[in-house]
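Here is a short briefing on one protein chain. Look over the sequence and the model first, then read the points by topic.

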Amino acid sequence: MEELLTRVAAAAGIDEALARKAIGIILAFLQKEGPATEIGQLMAALPGAQALADAEGGAKGGMLGAIGGLMGGGGVMALGGQLMSAGLSMGQIQSVSKEMFTVGREKAGEDAMGAIVGAIPGLGQF
């Protein structure tokens, strides 16, 4: 997990505390929205991932998350709202997501990450 935190923080130009929060928000979202088998593979490949997801699982998405909720139950729009509420810009969200999925591919494998991205509408935009 420390490698993931360091890489995400460096890629997005943020501190490790914000990287930790962003990763937790994304992992909690993936657990809620993604395919169980592949999410399980990802979580197992990233020691400490479950604790981060649990810590951020109750986070709210602020105004953007509420708008996303009105437009169809949340999904990726709500995820973006949560990450913006945490203090990330859209560019930082893209950097965090890109690096996180790169590490996910390295640790859990291309098949697992491809299935996760493919199963969640709109996730590829991040």
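H3 and H8 pack with their axes 9 Å apart, at an angle of about 130 degrees. The model is a predicted one.

**The H3–H8 pair**
- Two packed helices are described by the angle between their axes and the distance between the axes.
- The crossing of H3 past H8 is left-handed.
- On the H3 side, the contact is made by Glu38, Ile39, Gln41 and Leu42.
- On the H8 side, Ala112, Met113, Ala115 and Ile116 make the contact.

**The buried face of H8**
- Helix H8 spans residues 110-119.
- Which residues of H8 are buried? They are Ala112, Met113 and Ile116.
- Viewed down the axis of H8, these buried residues fall within an arc of 90 degrees, so they line one face of the helix.
- An α-helix has 3.6 residues a turn, so residues three or four places apart point the same way.
- Asp111 and Gly118 are exposed on the other side of H8.
- The cover over the buried residues of H8 includes helix H2 (16-33), helix H3 (36-45) and helix H7 (90-108).
- Ala112, Met113 and Ile116 are buried, and each also takes part in the contact with H3.

**The chain as a whole**
- The protein chain has eight helices and zero strands.
- Its pattern along the sequence reads α-α-α-α-α-α-α-α.
- The chain has 126 residues, and 42% of them count as buried.
- Among contacts with a separation of 6 or more, 65% join residues 24 or more positions apart.
- The accessible surface is about 5,900 Å². Carbon and sulfur atoms hold 56% of that surface.

**Arg7 in H1**
- Arg7 sits in helix H1, which covers residues 2-12.
- Is Arg7 buried, partly exposed or exposed? Arg7 has a relative accessible area of 22%, so it is partly exposed; the cut-off for buried is under 20%.
- Leaving aside residues up to four places away in sequence, Arg7 touches Glu99, Thr102, Val103 and Glu106.
- Arg7 and Ala19 are 12 residues apart along the chain, and their C-alpha atoms are separated by 9.1 Å.

Definitions and conventions: Residues are numbered from 1 along each chain as its sequence is written. This is a predicted model: local features need pLDDT of at least 70, side-chain atom pairs count only at pLDDT 80 or more; totals for chains, interfaces and linings use all residues. Side-chain values use heavy atoms; hydrogens and water are left out. Helices (H or I, at least four residues) and strands (E, at least two) are DSSP runs, numbered from the N terminus. Buried means under 20% relative accessible area, exposed over 50%, partly exposed in between (1.4 Å probe, protein chains only). Contact means heavy atoms within 4.5 Å. Accessible areas come from the Shrake-Rupley method with a 1.4 Å probe; for residues, only the protein chains shown count as cover. The arc is that of the directions from the helix axis to the C-beta atoms. Axes are lines fitted to C-alpha atoms, for helices over the stretch in contact, and angles run from 0 to 180 degrees between N-to-C directions. A crossing is left-handed if the near helix is turned anticlockwise from the far one by less than a right angle, and right-handed if clockwise.
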